[in-house]
Amino acid sequence: MFNGFDIIVVGAGHAGCEAAHACSQLGSKVLLITQNLNAIAQLSCNPAIGGVAKGQIVKEIDALGGCSAIVTDANTMQFRMLNRSKGPAMWSPRAQVDNVTFCLCWRQTLERQPGLQLWQDEVVDIMVDSSGRVEGVRTRLGLEFHSKAVILTNGTFLNGRIHVGEVNFEGGRIGEESSRGLSDKMSELGFEVKQLKTGTPMRVEARSIDFSRLQEQKGDEAPEQFSFFAERKSPLEQRSCFLAYTSEKVHDILRTGFAFSPMFQGRIKGVGPRYCPSIEDKIERFADKERHQLFIEPESRHTDLYYINGFSSSLPLEVQYKALRNIEGFENAIIQKPGYAIEYDYFPPTQLRDTLETKLVEGLYFAGQINGTTGYEEAASQGLVAGINAHLKIKEKDPFVLKRSESYIGVLIDDLITKGVDEPYRMFTSRAEYRILLRQDNADQRLTPISHALGLASDEMMRKVERKKENTERIVRFIKTNNALPEEVNGYLKSMDSAQISQKTKLSSLLVRPQVRLEELRRCVPYLDKELNRTDKDIAGQVSQCAEVLVKYESYIQKEQEIVDKLSHFENLVIRDDFDYHALKSLSFEAREKLSKIRPKTIGQAGRISGVSPADISVLIVFISR
């Protein structure tokens, strides 16, 4: 039953699910070990997938052949494309998902995957041979599982401790045990272990909320989907979210709990997420704010719970309860699950290679929150990359590494291994230098050819990408070479407060105007509508969106691509693994120390390491170029 595994994946969160699926899909025999088979891909915090930059990551996972987008689309309760009022580099898909069926769908996906076996147990030790290569794992049940590679995706469970006011106890999530002992074993192997903190808000019964006093937030009228390849099977029946606000009175009530706060009293040592702070952290850091916005989001179609997004707290339960009941619409609120903070161990990711393999132990990979990230999307993308590389490693094939200019996933991993983290890492569009190239609409064209060459993306997926590319190029050519007449478009232009035309004008000249949209323009110009209708229905929406972006933002895209091409030489200038930085005395002392520790693969990576100056990089370039 337990013989002959190629790869063992530890943990079945979002990272573990993508890792196990990718390994087995590529042909490895995989064992996925998790403490609780009923909590696979649990949405521990916000019951939503995507958001700013995170949505782009999910689209990239889909383009590479992962499952996050497909599972999300199958369980969506509301879809919104964020930042539509801004340029396409900022457009970010986000879906509110059913927390009950999402987990079940992921489990079914894994159970149906050939070559993948599930086992409920707790891993307590990593077996390493005398040469420093991983051999397998030992579990709480006293079993030994042997494999050629191991991927750790333990999330917040390593020495996890939950805090609610002055009450604290061991746990990986509330109601679930933490994982004890494995961190100590990793420390014995030489790994640096640190702590971080995260938190989650309370869950409230829907029947106790007065929604008439809240601001309704509906989904998009024409909802899209995450996956490029799998069509949604039935029309989406969307559920509304709602907006609520705190007040000065609520803040004053929360302040009464500060004396008992584990965060303010120093009982929590780990650093929390800067960009998703607890409510007590918000009112402390932003004391001038009279109120804070809260997003009231449904947990599932099958339960009566709502998630109070923006109200994360580790204050005593009685303080949380009193403060909640002073928010308009929540005067009679009933809590089913309290807000809490959780402190957990992680391994600083500068201990990893760009494949997410550890530098200390060959064949051992880390992915997800144990690398210091926060968010399901960041975790899932790391799991996918670790899974692909573990398979390639045991097959003695070249590693899979994405560049910063190719994907948000490439930016994420490069940031982690070169800069490290001192707080939970969250992806933003601002972290990507080339974000006009890394749009959510073109992730398939950027990444599916790479994945297809690896054998992960199917032939069918690749054919769909090729059809999309051919049709997009056709539409772009049509827009650039055909004209619109004044009598066709002036009514539309006037309604959009855009200057009317007095003679026939290129469609492309109209489309570059900020107010003008392709879908609206086609209604005015019959031959444009006819040309767009030539596109196959299964890709028509994707093609229209891509074509509009390519025409409207052509100059920006070209300029950014020129920068990528110009810098690519130095970005990809390889540094030998055994390069002796200490022998290069013209480097600053700090640079020698940092470069020797992190061991960057390329000059580009070296330049992003904190403490390595442009002068140090110039020295390296001169020396390596010789």
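Predicted model: local features only at pLDDT ≥ 70, side-chain atom pairs only at ≥ 80, totals over all residues.
Strands of a sheet pair through backbone hydrogen bonds, either parallel or antiparallel. The parallel case comes first here. Five strands form an open sheet in the order E6-E2-E1-E10-E21, and their pairing is parallel. Strand E6 (116-120) and strand E21 (364-366) are the edge strands, each pairing on one side only. On average, and with direction ignored, neighbouring strands of this sheet are turned by 20 degrees against each other. Helix H1 (residues 14-26) packs on the sheet and touches strand E1 (7-10), strand E2 (30-34), E6 and E10. The direction of H1 makes about 165 degrees with that of E2.

Strand E7 (residues 123-128) pairs with strand E8 (residues 134-139) in the antiparallel sense, over five bridges. Val123 has Thr139 in E8 as its bridge partner. Five residues lie between E7 and E8 in this hairpin, and Gly132 in the turn has a positive phi of about 90 degrees. E8 also pairs with strand E9 (residues 144-146), again in the antiparallel sense, over three bridges. Here Val137 has Phe145 in E9 as its bridge partner. The hairpin of E8 and E9 has four residues between the strands, and its turn holds Gly142, with a positive phi of about 85 degrees.

A further open sheet has six strands in the order E15-E16-E17-E18-E14-E19, with antiparallel pairing. Strand E15 (215-217) and strand E19 (335-337) stand at its edges with a single partner strand each, so one side of each is left without a neighbour in the sheet. Neighbouring strands are turned by 35 degrees against each other on average, direction ignored. The partner of E19 is strand E14 (residues 203-205), which runs antiparallel to E19 and is joined to E19 by two bridges. Val204 stands opposite Ile335 in E19.

Two packed helices are described by the angle between their axes and the distance between the axes. For helix H2 (residues 54-64) and helix H11 (residues 443-454), the angle is about 35 degrees and the axes are 7 Å apart. The crossing of H2 past H11 is right-handed. H2 makes the contact with Lys59, Glu60, Ala63 and Leu64, while H11 contributes Ala443, Asp444, Arg446, Leu447, Thr448 and Ser451. By class, four residues of this contact are nonpolar, two are polar and four are charged.

H2 also takes part in the lining of a cavity. Rolling a probe the size of a water molecule over the atoms shows where empty space is left. In this model the count is one cavity of 30 Å³ or more, and the volume of the largest cavity is about 50 Å³. Its lining consists of His14, Ile49, Val58, Ile61, Ser68, Phe102, Tyr376, Glu377 and Ala380. H2 and helix H9 (376-394) each supply at least two of the lining residues. H9 gives the largest share, three residues. By class, the lining has six nonpolar, two polar and one charged residues.

Key
Residues numbered from 1 in each chain as written. Heavy atoms only, no water. Axes fitted to C-alpha atoms, helices over the stretch in contact; angles between N-to-C directions. Left-handed = near helix turned anticlockwise from the far one by under 90°. Contact = heavy atoms within 4.5 Å. Nonpolar A, V, L, I, M, F, W, Y, C, P; charged D, E, K, R; others polar. 1 Å grid on protein atoms, 1.4 Å probe; cavity = no way out; pocket = protein on both sides within 12 Å on 5 of 7 lines; lining within 4 Å. Points joined across faces, edges and corners; volume = space filled by probe spheres on them. Pairing = 2+ DSSP bridges.
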